[in-house]
Amino acid sequence: MVYLIYQENGRFCFKMKIFIAGKDNTVNMLDAIKRSFITRMCKYRFNWEDISKLNVPAEWKSEYVEALKSKNALSSNRISNFFREFDKKKIDFLPQSIDSSQLINSNSEKEFLETYLKLIRIREHIDSLFFDIPTSNTFIGRLARYVKMFAWFFLRFIVDRIAFRQNLINSNLGYAIEFEHQLLLKELEDLKMRISELEKKLSNKDL
Amino acid sequence: MRVDQILAGFAEGDAISHEALIMRDIFRGWGLASDIFVDPAFVSPAVRQECLPLKNYKAESSDVCIHHYGIASSAQFVFLDSPAKKILIYHNITPAEFFKPFDDKIFFQLTEARKGLVRLASIADAVWADSMFNASELIEAGIRDVKILKLPLSTKQLNLTPDVSILNKFSRHKLFTFLFVGRIAPNKNIEELIKIFAYYHNFINPFSRLVIVGSFHGVPRYMAMLRMLIGDLDISNVCFEGFASPEGLIAYYKIADVYVSTTNHEGYCLPLLEAMYFDLPVITKAKGGVNEAMGGAGVMYDDLPPSLVAELIYHVFSNTYLKNEVLSSQKIRIKEELQRDFANELRRLMMQWL
């Protein structure tokens, strides 16, 4: 069991810390957490590249790969693969260049706005893809889920049309915001230029 | 002799305003004249009758003037000019860097507040801090003889009847509820809380929701970023409830299953104690004054990625022994807090002037 993440003054230290009721439970809890995390991730068949984006210790990789191998060997029939497609979960991460978290690294309100407008342009569309339906682990729960899945298939022709219309409105609004911003920047530039010209004229008069 | 208090702002549900009210009542109880002075532009309408306009403040050299300090404001100049004996209560200044991307004005105010801290503290006759963490900041800045007066937990507020409309709204669907109470500000690190919830909701328990109670008008750009993040993570059960009345706040504590805090900078953090009072398991990041507020109770973590914090929450709830241990540690902590004699602590600190 290796959780030695970094070195401090020549000594290896736990970077992660967990205190329960005032006691340092880091070792025991991390072990329990690792086991449940690996089991959960195996259930959804994520590869390690996806999981590593969750910033979990790199030392867990070999154990995870082993667990995934044995899980895959156990169940690989076509029906379960079909239903697994609907169970698919995603690990959210967008590329750094379009990730909303980058807004926190802005250096001013102005920079924030520039980045925000850039990000909003690529987020104006809604999709009509199937989304995860929470299911309770009962017969009724599972039945309700399949009814909802059927309704989604059945109503797609309406939903797609509404989504298309909504996307048209969204993109028009996106353009309007962008054009207004560009116009304001242009007016500001013009004003700055006029002020500097006036200042030049004034300083020439003074001389 | 009068003992007056000067504040930068005054609002219902604000911990500092609440402390000022408790202190005013104690002073009046001792037979002293006491009022709270605030610039009316920064007073919320619901509590307008509790304070007087800052421009009406007058004092003599035999009076005492207490300034609650956490941000630069016109109140600090009134404090500086006051002929009374001066007491500065330092409630912590949030590092301005947190606000740099989101609000130039707040960034400037906090930078100025930090600059003015040493000046204010050096002219004060006494300097108090509401936690060891806050006191250590003052000591680092070269201020000596800092006394501690921790924020009081008011049971009067916590024993109000909960708002029925909120109880009804949330009891319609029985979902596992994460609660966070605090204004929506960048130092509260709410993006991490949302990521923890996203993992919990997507991979552990889809029948769950995150309820965030606190004003979201203070830093609108930060709020916009959070909304964008929620869209990116594709989660639906995140409820921004905004500011809550005292009765509303009780209702939120009653409907919650766990209190989770990911705040990166906190002077003390009273909501942690309030959550303990309502017997909610508290899971919090160990930063700043949070350690003192927790006092060895509940669950604290540091440097855990959001996915593993969500797993930690799952473990605390799936292991009855662990959960009981957490709850009993919190009961001890809250008992200790309720036994505090705030009036006596205040009297001891003010002895030389009474």
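## Strands and pairing

Two strands are said to pair if DSSP finds at least two bridges between them. Strands (E, at least two residues) and helices (H or I, at least four) are DSSP runs, numbered from the N terminus.

This is a predicted model, in which local features need pLDDT of at least 70, side-chain atom pairs count only at pLDDT 80 or more, and totals for chains, interfaces and linings use all residues. Residues are numbered from 1 along each chain as its sequence is written, chains are lettered from A and ligands numbered from 1 in the order in which they are written, and side-chain values use heavy atoms, with hydrogens and water left out.

## Strand S8 of chain B

In S9(B), the residue opposite B:Phe178 is B:Leu210, and B:Val181 has B:Val213 as its bridge partner. Strands S8 (residues 176-181) and S9 (residues 208-213) of chain B run parallel and are joined by six bridges. Between them the chain passes through H7(B), in a right-handed β-α-β crossover; right-handed means that, with the strands pointing away from the viewer, the path from the first strand over the helix to the second runs clockwise.

S8(B) also pairs in the parallel sense with strand S11 (residues 258-261) of chain B, over two bridges. There, B:Leu179 has B:Tyr259 as its bridge partner. Six of the six residues of S8(B) are buried, that is, under 20% relative accessible area (1.4 Å probe, protein chains only). B:Phe176, B:Phe178 and B:Phe180 point one way from the strand, and B:Thr177, B:Leu179 and B:Val181 the other way.

## The sheet across two chains

Eight strands form an open sheet with mixed pairing, in the order S4(A)-S3(A)-S13(B)-S12(B)-S11(B)-S8(B)-S9(B)-S10(B). Its edge strands are S4 (23-24) of chain A and S10 (238-242) of chain B.

## The nonpolar core

A nonpolar core is a set of buried Ala, Val, Leu, Ile, Met, Phe, Trp, Tyr and Cys residues joined through side-chain atoms within 4.5 Å. The largest one has 133 residues, and among those with the most contacts inside it are A:Phe37, B:Phe178 and B:Leu179. Helix H7 (residues 190-204) of chain B supplies the largest share, 10 residues.

## Confidence in chain A

The mean pLDDT of chain A, the predictor's confidence on a scale from 0 to 100, is 81, and 82% of its residues reach 70 or more. Over residues 1-14 of chain A, pLDDT stays under 50. Where pLDDT is low, the predicted coordinates should not be read in detail.

How values were computed
Buried means under 20% relative accessible area, exposed over 50%, partly exposed in between (1.4 Å probe, protein chains only). Contact means heavy atoms within 4.5 Å.
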